[in-house]
Amino acid sequence: TLGYDIEEARNMVKKCHEMGKFLQVGHQRRYNPLYNKALMLAREEGIIGRIVHIDAQWHRNNDWRRPINKDHRLNSQEARFIKDLDRHMNWRLFKETSRGLMTELATHQLDIAAWYLDAMPKRVFGTGGIDYWRDGREVDDNVNLIFEFEITPACRGYHAINARSSHQDKIAINQPYKVQVMYSSITANAKKGCSELILGDEGSLELTEEGGYHYQEPTSKVAWAQGGQTTAEQAATVVTSGGTLQLSNKAQREGTPIVVDNDKSVDQLQFIRFAKDIREGGMPKANQMVGLNATIMALAGYQAIEEQRVVEIDPALYTFDFPTPDPGVVS
């Protein structure tokens, strides 16, 4: 997170404005050519239609601890700053220095959701606990949350649709709508790994830092339906059992890779771009507002888990009485 609490993060935005400076946070996915290309495909070409849901998770199967050399003795210089070597090395596991999975991991992926939707969530509810490791850590070893975003025509993530059913209200379907973002992070099973799944009514994007895929969503446009000759029996088959028609599921099983031409690591790219912004007076893609918004989402989620209630996210938290950098820029 940009700061340990929201007020710290807001103060950094204010200080940037006062000094006429900028900063860059370490949300490196903002500089990943794959994420940028996928976003442009979704936003400019409408390749997945309207984003209707987002699933993201960061799952691992280890204790998230850094090993400590028990024989190490702090020298006089180290002892000035370190009272407890384990708490110093494993600061992510203690409330004094971290909010755990929410602030150290979730910020990266919640940032992707806000970036692709070009919006901030209205509210969040979640649950979590220390249910597996129970090794002296103070932060949860598992979290599950639901963030609710409201998408309006002012959002670059807004996507108008045509009626797919005679029962749909042709005006109502393009009024502001909600998108639910489901987030989970666990530490005792790594099957699902780390990824963001952007689900649209015409397709899906599955994104990781190493690669990405586009999947078509054929159930609304199966071959036998395109001629307008769909029978009630055929429609019922798709509605009740997507597995019945192999044609309907082929595109969902076989993703098309998202190809980018890049010979540098994402870490290299973010530092190259930062240096370029310094030389040329540019504004980082992962600017102070990106950092503030991610901090707000993560800490609202943390609060929802701790207090076991729905937390409303006040727009005043990310609003200022002076111009702020665009948190949704794409390069």
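Start with Arg-123: at 27% relative accessibility, this residue is partly exposed. On the cut-offs, buried is under 20% relative accessible area, exposed is over 50%, and partly exposed is in between, with a 1.4 Å probe and protein chains only.

Some ground rules. This is a predicted model, where local features need pLDDT of at least 70, side-chain atom pairs count only at pLDDT 80 or more, and totals for chains, interfaces and linings use all residues. Residues are numbered from 1 along each chain as its sequence is written, and side-chain values use heavy atoms, leaving out hydrogens and water.

Back to Arg-123. What does its side chain meet in a salt bridge? Glu-148, at 2.3 Å, N to O. A salt bridge here is a side-chain nitrogen of Lys or Arg within 4 Å of a carboxyl oxygen of Asp or Glu. Arg-123 sits in strand 2 and Glu-148 in strand 3, so the pair ties together parts 25 residues apart in sequence. Strands are DSSP runs of E, at least two residues; helices are runs of H or I, at least four; both are numbered from the N terminus. Glu-148 is buried, at 15%.

Next pair. Arg-156 and Asp-118 form a salt bridge at 3.0 Å, N to O. Arg-156 is in the loop between strands 3 and 4, Asp-118 in the loop between helix 5 and strand 2, so this pair links parts 38 residues apart in sequence. Arg-156 is partly exposed at 36%; Asp-118 is buried at 16%.

Third, Arg-137 bridges to Asp-135, closest N and O atoms 2.9 Å apart. Arg-137 is buried, at 6%. Asp-135 is partly exposed, at 29%.
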